[in-house]
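Thanks for coming, everyone. I would like to walk you through one protein chain this morning, starting with a few individual residues and then stepping back to the whole.

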Amino acid sequence: MALSLYVDTERWRAHQRTVLQQFPGLVPVCKGNGYGFGHERLAEEVIRFDSDVIAVGTTYEAARMKDFFSGDLLVLTPFRRGEEPVPLPSRAIRTVSSVDGVNALVGARVVIEVMSSMKRHGVLAEDLGKLRAAIDDVRLEGFAIHLPLDRTDGTDAVDEVIGWMDRLRAARLPLETMYVSHLRPEEFERLRLQFPQTRFRARIGTRLWLGDHGATQYRGSVLDVTRVVRGDRFGYRQQKTPGDGWLVVVAGGTSHGVGLEAPRNLHGVTPRAKGVARAGLATVNRHLSPFLWDGKQRWFAEPPHMQVSILFVPEEAAEPQVGDELPATLRHTTTLYDRLVEH
């Protein structure tokens, strides 16, 4: 009895092939929890499509991934002087976002990230002169720019990349390879056509692994079903049931990521209204669970436990049975499954 991730492997791989065709030279990103699949499982896929490099989030992830993947390991978190040293093989490539970082990595393989409109981290335009003198002491693998997902001001992603290409060229810095993120296929192709002497490499994770939502599904096994009538007390806090029906214990709790929701950026009136409604229900301890049964998303009977959740299913719905599996809409990047089932 488990929280399981079911994968339609052929459909999943067909989507991967589509993305690889759209972005020649793609750098697969395998960071965090491996987008729900795990680092080792994604490394197997990267080996299948014969990539020469894999991108990870941190040096700690690179130290684990080195045992699963024999190609280059691109660490996306920028190097900081004084960081805890982590033993990495010579095939590791560090991202650097400052001139000081470049100066501290003499002899290392580096990708230098420039400051984009994300304003997260990156070398500033006014520091490019200092950067030119510093790169002689490192093995420069290329430059990188990390772009925002949404451009609400109407600006063009390609124009932003071109602007940085012009600045780098004016500073007489080499433009052999440029790593980019969050471009559409047609934008990526525009850059390739406009700068044929530069190799553009798209760093892609979400689109590659999670772009086809129908290829994967989480399901939680029903462990117990208890008949209740309105007003029965139950659970850790001995609350009363809201009506007649069943208390359903399903695999999947806080240790799996169930009930842990990241903040969302809401656009438009309707999503905002729904957010207000959810907040109002939360004040009276009503929370929708991610589990579906009999065609509807069911309510948590009480906050999820560590490894299970208790749901309330009203009597007008079909009665769940022990061993049934309830589909669950869960965020891959925050979910840890018990087992992976490929079919």
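Let me begin with Arg-13, which, with a relative accessibility of 19%, falls under the 20% cut-off and therefore counts as buried. Please keep in mind that what you are looking at is a predicted model. Arg-13 belongs to helix H1, which covers residues 9-22, and if we set aside the neighbours within four places in sequence, Arg-13 is in contact with Arg-41, Glu-45 and Arg-48.

Tyr-35 is found in the loop between strand S2, residues 27-28, and helix H2, residues 39-48, while Lys-119 has its place in the loop between strand S6, residues 109-114, and helix H5, residues 128-134. Which of the two words, buried or exposed, applies to Tyr-35? Tyr-35 counts as buried, because its relative accessibility is 6%, whereas Lys-119, with a relative accessible area of 66%, is exposed.

Now to a strand, S3, made up of residues 53-56, which is covered on both faces. On one side we have Val-53 and Ala-55, on the other Ile-54 and Val-56, and all of these are buried. As a general point, side chains in a regular strand alternate between the two faces of the sheet. Strand S3 pairs with strand S4, residues 72-75, in the parallel sense and over 4 bridges, and within S4 the residue that stands opposite Val-53 is Asp-72.

Let me step back to the annotation and the chain as a whole. An unreviewed UniProt entry places the feature "domain: Alanine racemase N-terminal" at residues 9-153, and over that stretch the chain is 30% helix and 20% strand, with the C-alpha atoms at its ends 39 Å apart. The protein contains 9 helices and 18 strands, and its C-alpha atoms fill a box of roughly 75 × 45 × 40 Å along the principal axes.

Of the 343 residues, 48% count as buried, and of the contacts between residues at least 6 apart in sequence, 66% join residues at least 24 apart. The accessible surface comes to about 17,600 Å², with 50% of it belonging to carbon and sulfur atoms. Finally, on charge, the protein has 44 positive and 43 negative charges, whose mean positions lie 3 Å apart.

Technical notes:
Residues are numbered from 1 along each chain as its sequence is written. This is a predicted model: local features need pLDDT of at least 70, side-chain atom pairs count only at pLDDT 80 or more; totals for chains, interfaces and linings use all residues. Side-chain values use heavy atoms; hydrogens and water are left out. UniProt positions are given in the numbering used here, feature names are shortened, and annotations may be inferred rather than shown by experiment. Helices (H or I, at least four residues) and strands (E, at least two) are DSSP runs, numbered from the N terminus. Buried means under 20% relative accessible area, exposed over 50%, partly exposed in between (1.4 Å probe, protein chains only). Contact means heavy atoms within 4.5 Å. Accessible areas come from the Shrake-Rupley method with a 1.4 Å probe; for residues, only the protein chains shown count as cover. Lys and Arg count as positive and Asp and Glu as negative; His and the chain ends are not counted. The place of a charge is taken as NZ of Lys, CZ of Arg, CG of Asp or CD of Glu. Two strands pair if DSSP finds at least two bridges between them.
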